[in-house]
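Open the model in your viewer and keep the selection panel at hand. Each stop below tells you what to select and what you will find.

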Amino acid sequence: MTGRVEATLAELGLTLPDVVPPLASYQPAVQSGVYVYTAGQLPMVDGKLPVTGKVGGEVTPEEAKKLARICALNALAAVKSVAGDLDRIARVVKVVGYVASAADFTGQPAVLNGASELLGEVLGEKGVHARSAVGVAVLPLDSPVEVEIQVELVQD
């Protein structure tokens with residue numbers, strides 16, 4: 001049986017992907033009390049990055065915004081892996097996004113809107129969150145973006 005959140009994803013033409021396996025020694029997500037913290041999620045699709053490079057260089061801000069959306073979808077998959085059901089999300093508390101940026105690129109917040117907008121479309125008011133958008137020199141596998149989220153679960 002599919003829950004409300006996954007039904008909303010389906011209405012948007014999206015499918016919750018499998019959890020992206022860790023690239024090193026960590027877990028994709030952990031639960032502590034009523035909170036779930038995800039590891040940084042890359043925009044992996046079928047085990048591969050669709051695009052690599054720096055935003056404002058090899059990657060356009062528009063492409064990067066779409067990649068941030070994929071990161072958020074991967075983060076939701078990681079949340080589900082420990083919460084069991086995305087309908088248990090009471091709210092998204094915080095989103096942190098990293099943008100591998102060309103030296104003169106300053107549009108990190110617009111790139112991260114891809115993740116924030118997806119969470120809002122899927123979770124409605126529960127998807128409204130605090131956020132940090134950070135420009136960095138390089139990310140794992142030369143990914144243009146990486147996103148991590150913290151969610152609060154409904155108390156059982």
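**Before you start**

This is a predicted model: local features need pLDDT of at least 70, side-chain atom pairs count only at pLDDT 80 or more, and totals for chains, interfaces and linings use all residues. Residues are numbered from 1 along each chain as its sequence is written, and side-chain values use heavy atoms, without hydrogens or water.

**Stop 1: the annotated domain**

Select residues 7-151. An unreviewed UniProt entry lists them as "domain: Endoribonuclease L-PSP/chorismate mutase-like". UniProt positions are given here in the numbering of this model, feature names are shortened, and annotations may be inferred rather than shown by experiment. Over residues 7-151 the chain is 30% helix and 23% strand. The end C-alpha atoms of that stretch lie 19 Å apart. Helices (H or I, at least four residues) and strands (E, at least two) are DSSP runs, numbered from the N terminus.

**Stop 2: salt bridges**

A salt bridge here is a side-chain nitrogen of Lys or Arg within 4 Å of a carboxyl oxygen of Asp or Glu. The count by this rule is 4. Three of these follow.

Select Glu-6 and Lys-80. Their closest N and O atoms are 2.6 Å apart, in a salt bridge. The pair links distant parts of the chain, 74 residues apart: Glu-6 sits in helix α1 (residues 4-11), Lys-80 in helix α2 (residues 61-83). Colour by accessibility next. Buried means under 20% relative accessible area, exposed over 50%, and partly exposed in between (1.4 Å probe, protein chains only). Glu-6 is partly exposed at 21%, and Lys-80 is partly exposed at 27%.

Move to Lys-54 and Asp-142. This salt bridge spans 3.7 Å, N to O. Lys-54 is in the loop between β2 (35-38) and α2, and Asp-142 is in the loop between β4 (130-136) and β5 (145-153), 88 residues apart. Lys-54 is partly exposed at 22%. Asp-142 is partly exposed at 29%.

Now pick Lys-65 and Glu-117. Their salt bridge has its closest N and O atoms 3.3 Å apart. It connects helix α2 with helix α3 (residues 108-123), across 52 residues. Lys-65 is partly exposed at 31%, as is Glu-117 at 36%.

**Stop 3: strand β3**

Which residues does Val-95 touch, leaving out those up to four places away in sequence? Select Val-95 in strand β3 and look. Its contacts (heavy atoms within 4.5 Å) are Leu-119, His-129, Ala-130, Arg-131, Ser-132, Val-147, Glu-148 and Ile-149. Val-95 counts as buried, at 0% relative accessibility.

Step to Val-96, also in strand β3 (residues 89-100). Val-96 is buried, at 14%. Neighbours within four places aside, Val-96 is in contact with Ser-132, Glu-146, Val-147 and Glu-148.

**Stop 4: the largest pocket**

Select Pro-17, Asp-18, Val-20, Pro-21, Met-44, Val-45, Asp-46, Gly-47, Ile-70, Leu-73 and Asn-74. They line the largest pocket, with a volume of about 210 Å³. A pocket is an open set of points on a 1 Å grid over the protein atoms alone, where a 1.4 Å probe fits, with protein on both sides within 12 Å along at least five of seven lines; lining residues have an atom within 4 Å of a point. The volume is the space filled by probe spheres set on the points. The lining divides into 7 nonpolar, 2 polar and 2 charged residues. Ala, Val, Leu, Ile, Met, Phe, Trp, Tyr, Cys and Pro count as nonpolar, Asp, Glu, Lys and Arg as charged, and the others, Gly among them, as polar.
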